[in-house]
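Here's a quick tour of one model, written for someone who would rather look than read. Have the viewer open as you go.

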Amino acid sequence: MASQDLLDRSENACELCSNKAGLRAHSVAPHQDENPDHQVLVCEVCATELQAEPLSATHWMCLQGSAWSGFAPVQVMAYRLLSRLTDAWALDLREQLYLEEETLEWAQEGLPDADAVATVDSNGAALADGDSVTLIKDLNVKGGGFTAKRGTLVKGIRLTDNPEHVEGRVNKQTIVLVAAYLKKA
Ligand SMILES: [Zn+2]
């Protein structure tokens, strides 16, 4: 449910893409309350696209308009989404945005740490949760009693706290894989 304040502010339209179907309030992390100053009104399409991994650059072209909203929670959402898109227009747009210091701090909370070391495969390509990879060498699975053959496809990997390791399921077992011995599929 969206509060009347939120509906009034947004003129009953999605604050990200202006659609009017399936409107709902989205609390902008880390806030979880019903205060409109911490919420954005989103449509059903945006609500779905927010969960998509990776984000749809096509859908989020709508930010070219909405990123200029005068409302802090909308600015924060736009800033975070733009930070996760790699297209040139998104980078340019984020550079152009001007956020009040307080809003910028909020926007940057929860974004990946720029200093964090990325997990990369044997070719230096960044790996992310949910990626599929192939093994580039035979892997003797200690304790598993089998060898995962070179070329084995591993779907839906998970990153770990260690940038050199990912987890994946091989032979129905979750095992740790060395990122340097993987190739993004
Ligand atoms: Zn929308």
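Does T152 count as buried, exposed or partly exposed? T152 has 17 C-beta neighbours inside 10 Å, so it counts as partly exposed (20 or more other C-beta atoms within 10 Å would be buried, 12 or fewer exposed, in between partly exposed, with C-beta atoms placed from the backbone).

A word on the ground rules: this is a predicted model, where local features need pLDDT of at least 70 and side-chain atom pairs count only at pLDDT 80 or more, while totals for chains, interfaces and linings use all residues. Residues are numbered from 1 along each chain as its sequence is written.

Back to T152, which sits in the loop between β5 and β6. Setting aside neighbours within four places in sequence, T152 is in contact with T134, L135 and V170 (contact means C-beta atoms, placed from the backbone, within 7 Å). T152 and T134 are 18 residues apart along the chain, yet their C-alpha atoms are separated by 5.3 Å.

T134 also has L153 of β6 as its bridge partner. The open sheet here has 3 strands in the order β6-β3-β10, with antiparallel pairing (strands pair if DSSP finds at least two bridges between them; strands are DSSP E runs of at least two residues and helices H or I runs of at least four, numbered from the N terminus).

| Edge strand | Residues |
|---|---|
| β6 | 153–154 |
| β10 | 182–184 |

Each edge strand pairs on one side only, and 2 bridges join β3 to β6.

Elsewhere, the buried residues of helix α4, including P73 and L82, pack against β2, α3, α5 and α6.

Terms used
Contact = placed C-beta atoms within 7 Å.
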